[in-house]
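Have the structure open as you read.

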Amino acid sequence: MANEARSTATLQVHLDGPPGLLSHDAVEITVSIRNDSPHRGSGPQLAGTETPETVRAHIWGPWKFSADGRDDTGRTVAAQHLVVGEWTRYGLTPTSPPSWSTTAMDVWHRGYANAPVRLSITARSKGSEWTVPLEVPVTIESAS
């Protein structure tokens, strides 16, 4: 949920199941933001341009994590342990255009105004690991 100015948002992750996880004490989850343009950085590198790794490292989407324990890019937050029925919350801030881009900040934000947050949630428990891709719509919290 974003504030009206879209200057901050919160993401709440709730571990609902599956029911088979009820026998697990806790599940370790890692939440990451996927790119809206995962193909960027896949082509050949032209002289004088950013490396493919730099292009892929940029978050091509509307939000990045601002929570404690995030990586340098704001793409991933530190793993947490949850049991079925528990939830956790993360802070988000808007992304910026890449440093090598001439795109103005307001144009960048308008381009992502109605875009969902594309997540990848990786869960680990008792030697098993699975990843769930999600697209979460952004809702605006109105001031009352």
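Strands here are DSSP runs of E, at least two residues each, numbered from the N terminus. With that in hand, Val-31 falls in strand β3, which covers residues 27-33. Keep in mind that this is a predicted model.

**The chain overall**
- The chain carries 2 helices and 9 strands.
- Reading from the N terminus, the order is β-β-β-α-β-β-β-α-β-β-β.
- Of the 144 residues, 33% are buried.
- Take the contacts between residues at least 6 apart in sequence: 68% of them link residues at least 24 apart.

**Val-31 up close**
- Is Val-31 buried or exposed? Its relative accessible area is 0%, and the cut-off for buried is under 20%, so Val-31 counts as buried.
- Which residues does Val-31 touch, once neighbours within four places in sequence are set aside? The set is Leu-11, Val-13, Phe-65, Arg-75, Thr-76, Val-77, Tyr-90, Leu-119, Ser-120 and Ile-121.
- Ala-79 is 48 residues away from Val-31 along the chain, yet their C-alpha atoms are separated by 7.4 Å.

**The cores**
- The largest nonpolar core holds 20 residues, and Val-31 is among those with the most contacts inside it, along with Leu-11, Val-13, Ile-29, Phe-65, Tyr-90 and Leu-92.
- Which strands supply at least two residues each to this core? They are β2 (9-14), β3, β4 (63-65), β6 (87-94) and β7 (117-125).
- There's also a second, separate core of 5 residues, including Val-55, Trp-60, Trp-108 and Ala-115.
- As background, nonpolar side chains in soluble globular proteins tend to be buried together.

- How do β2 and β6 pair, and over how many bridges? The pairing is antiparallel, over 6 bridges.

Notes:
Residues are numbered from 1 along each chain as its sequence is written. This is a predicted model: local features need pLDDT of at least 70, side-chain atom pairs count only at pLDDT 80 or more; totals for chains, interfaces and linings use all residues. Side-chain values use heavy atoms; hydrogens and water are left out. Helices (H or I, at least four residues) and strands (E, at least two) are DSSP runs, numbered from the N terminus. Buried means under 20% relative accessible area, exposed over 50%, partly exposed in between (1.4 Å probe, protein chains only). Contact means heavy atoms within 4.5 Å. A nonpolar core is a set of buried Ala, Val, Leu, Ile, Met, Phe, Trp, Tyr and Cys residues joined through side-chain atoms within 4.5 Å. Two strands pair if DSSP finds at least two bridges between them.
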